[in-house]
Structure formats: C-alpha cells, structure tokens
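Let's take a look around this protein together. Here it comes, sequence and structure side by side.

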Amino acid sequence: MKKYELVVLVQWRLSQDEIDATLERVTGQLPDGAILETDVIGKKNMMYDFGGVTANNVMYIVSYYLELDPAAIAPIKKKFSFLDNIERYFFYAMDDNQPFYKMDELEKELKDIREDEEEWEDDASSDEIEIEA
C-alpha cells in the first residue's frame, strides 16, 4: 500500500447538490477505507482557462489523502474518465513520512509569515543609523 494525494477539480457552475453528487461518484470509485483525510478547498481561481473555454478558470477543488495499492490507480483513472462534471484530476504519489497539508492550514501559516515579515520591516525602518562624515 502506498500513500497518494488525489486532487479533483469540479466545474464550479454546478449547484452545490450537483457538486456533492459528483464527489460522491468520485469517492464511490475508490476502494473502501482508501480515504484517510479529505480537504474541501472550495472555489478557487485557476491560472488558465480549462477546455479551451474563455472565463472557465474557476474550479471547485477537493483533495483526498489516500492509501492504495499502486495497481489500483490505473483502473480508477479509467473509471474517472466516464464521470461527468470533472475538469481534471491528479494523483500524486507521496512518501510514507510526507504530511498531507490542508489548504486552510497552509493559508494560515502563510498569513503568519507575512505578518512576521511586516513587523520585521516596521522594526527595521524605525531604526535610525547615524553616519558621521
């Protein structure tokens, strides 16, 4: 068994019920007990348009932390190809000791780092240095 992260990008224009039904079909393709954790990231702007459609750059994103037999990946991918409303999906193989990061935790950590940097810049700018000629 190996650890994976599965990231699923669902069309955001769907109703929440349609999104939930799509995600149920996704999880229904996975073996029982394969999902260790789930991170519902929600609607996010992407860097580019999907499917050659202008302004199709917002997706509903969900990330799953999985434990699967590596041989199970190919059949799952094949099943995913028949699911409607999914723009993209990605499987990432993870090391056994690699943590599964959740988006809200990463955003909080980034916010804390930015606040620390701002405080440091404020402190640095308030220090005056006198130079004698």
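Start with ring pairs: rings of Phe, Tyr and Trp (its six-membered ring) pair if their centres lie within 6.5 Å, with planes under 30 degrees apart counted as stacked, over 60 as edge-to-face and the rest as tilted. Here, ring pairs tie Phe80, Tyr89 and Phe91 into a cluster.

Some housekeeping: this is a predicted model, where local features need pLDDT of at least 70, side-chain atom pairs count only at pLDDT 80 or more, and totals for chains, interfaces and linings use all residues. Residues are numbered from 1 along each chain as its sequence is written, and side-chain values use heavy atoms, leaving out hydrogens and water.

**Aromatic pairs**

Searching the whole structure turns up five aromatic pairs. Two of them are set out here.

| Pair | Centre to centre | Angle between planes | Type |
|---|---|---|---|
| Tyr65 and Phe100 | 5.0 Å | 15° | stacked |
| Phe80 and Tyr89 | 5.0 Å | 85° | edge-to-face |

Tyr65 sits in strand S3 and Phe100 in the loop between S4 and H3, so their pair ties together parts that are 35 residues apart in sequence. (Helices, H or I with at least four residues, and strands, E with at least two, are DSSP runs numbered from the N terminus.)

Are Tyr65 and Phe100 buried or exposed? Both are buried, where buried means under 20% relative accessible area, exposed over 50% and partly exposed in between (1.4 Å probe, protein chains only). In the other pair, Phe80 is buried at a relative accessible area of 2%, while Tyr89, at 25%, counts as partly exposed.

**Strand S1 and its partners**

S1 is mostly covered, with seven of its 10 residues buried. S1 pairs with S3 in the antiparallel sense over 10 bridges; two strands pair if DSSP finds at least two bridges between them. Gln11, for one, has Met59 in S3 as its bridge partner. S1 also pairs with S4, again antiparallel, over eight bridges, and there Tyr4 is partnered by Ala93.

**The largest pocket**

The largest pocket has a volume of about 240 Å³. On a 1 Å grid over the protein atoms alone, a pocket is an open set of points where a 1.4 Å probe fits, with protein on both sides within 12 Å along at least five of seven lines; lining residues have an atom within 4 Å of a point. Volume here is the space filled by probe spheres set on the points. Of the 17 lining residues, the closest to the centre are Glu5, Val7, Ile41, Ser63 and Tyr101.
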